[in-house]
Amino acid sequence: MRVSKHTCGVRYGELQGLNKQETADRFGNEQVHKWRRSYDIPPPNGESLEMCAERAVAYFKEHVVPQLTAGKHVMIAAHGNSLRSIIMQLDKLTSQEVISLELSTGIPMLYIFKEGKFIRRGSPVGPSEASVYAYTRYKSDVKRK
């Protein structure tokens with residue numbers, strides 16, 4: 001299943017295309033920190049984590065959960081805030097907990113969908129070496145290098 005950026009991508013508004021330093025130079029470090037570490041404060045003409053969560057979680061429920069219910073395997077690769085939104089839903093995190101959630105780039109997280117519930121295997125904070133978490137019917141937390 002492929003998803004376009006318009007479906008799950010984060011909307012940065014006036015920050016689109018700027019790197020962190022350019023953004024800080026233009027708007028100030030304090031303001032940039034508020035946008036990056038708040039749940040409900042969007043950048044100018046952009047969206048907050050809360051707004052992103054509305055779209056990402058709705059998409060997840062409408063398109064991903066039915067695939068899982070049908071017994072299919074689904075891999076999601078997305079921007080950090082889209083992933084934070086989905087993780088917030090699956091792990092039942094509060095808005096305060098989710099804003100401090102750090103995700104490791106390129107380190108997969110594995111959720112098992114069983115009897116209508118999600119069980120996390122792996123961690124949002126990756127190990128020191130790159131690894132792949134795999135699921136087999138015999139052991140649910142196999143780590144391969």
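Okay, let's start with the largest pocket, which has a volume of about 1,100 Å³. In this predicted model, local features need pLDDT of at least 70 and side-chain atom pairs count only at pLDDT 80 or more, while totals for chains, interfaces and linings use all residues. Residues are numbered from 1 along each chain as its sequence is written, and side-chain values use heavy atoms, with hydrogens and water left out.

On a 1 Å grid over the protein atoms alone, a pocket is an open set of points where a 1.4 Å probe fits, with protein on both sides within 12 Å along at least five of seven lines, and a lining residue has an atom within 4 Å of a point. Points are joined across faces, edges and corners, and the volume is the space filled by probe spheres set on them.

So who lines the largest pocket? There are 32 lining residues, and V74, M75, M109, L110 and Y111 are the closest to the centre. The elements giving two or more residues to that lining are α4, α5 and β1 (110–114). Those labels are DSSP runs numbered from the N terminus: helices are H or I with at least four residues, strands are E with at least two. By residue class, the lining has 24 nonpolar, six polar and two charged members. Here Ala, Val, Leu, Ile, Met, Phe, Trp, Tyr, Cys and Pro are nonpolar, Asp, Glu, Lys and Arg are charged, and the others, Gly among them, are polar.

Zooming out, the protein chain has six helices and four strands, in the order α-α-α-α-α-α-β-β-β-β. Of its 145 residues, 30% count as buried, meaning under 20% relative accessible area; exposed is over 50% and partly exposed is in between, with a 1.4 Å probe and protein chains only.

Now the annotation. An unreviewed UniProt entry has a "binding site" feature covering K20, R36, R37, G80 and N81. Of this set, the lining of the largest pocket takes in G80. Positions are in the numbering used here, feature names are shortened, and annotations may be inferred rather than shown by experiment.

Are K20 and N81 buried or exposed? K20, in helix α2 (residues 20–27), counts as exposed because its relative accessibility is 57%. N81, in helix α5 (residues 80–91), is buried because its relative accessible area is 17%. The side chains of N81 and R84 are joined by a polar contact of 3.3 Å. That term means a pair of N or O atoms within 3.5 Å; within protein, one must be able to donate a hydrogen and the other to accept it, and residues adjacent in sequence count only if both atoms are side-chain atoms.

Next, S38, in the loop between α3 (29–36) and α4 (49–69). S38 is buried, at 11%. A polar atom of the S38 side chain lies 2.7 Å from the backbone oxygen of K34, and one lies 3.4 Å from the backbone nitrogen of I41. Leaving aside neighbours within four places in sequence, S38 is in contact (heavy atoms within 4.5 Å) with L49 and I99.

Last one: I119, in strand β2 (residues 117–121), is partly exposed at 30%. I119 touches L110, Y111, I112 and K114, not counting residues up to four places away in sequence.
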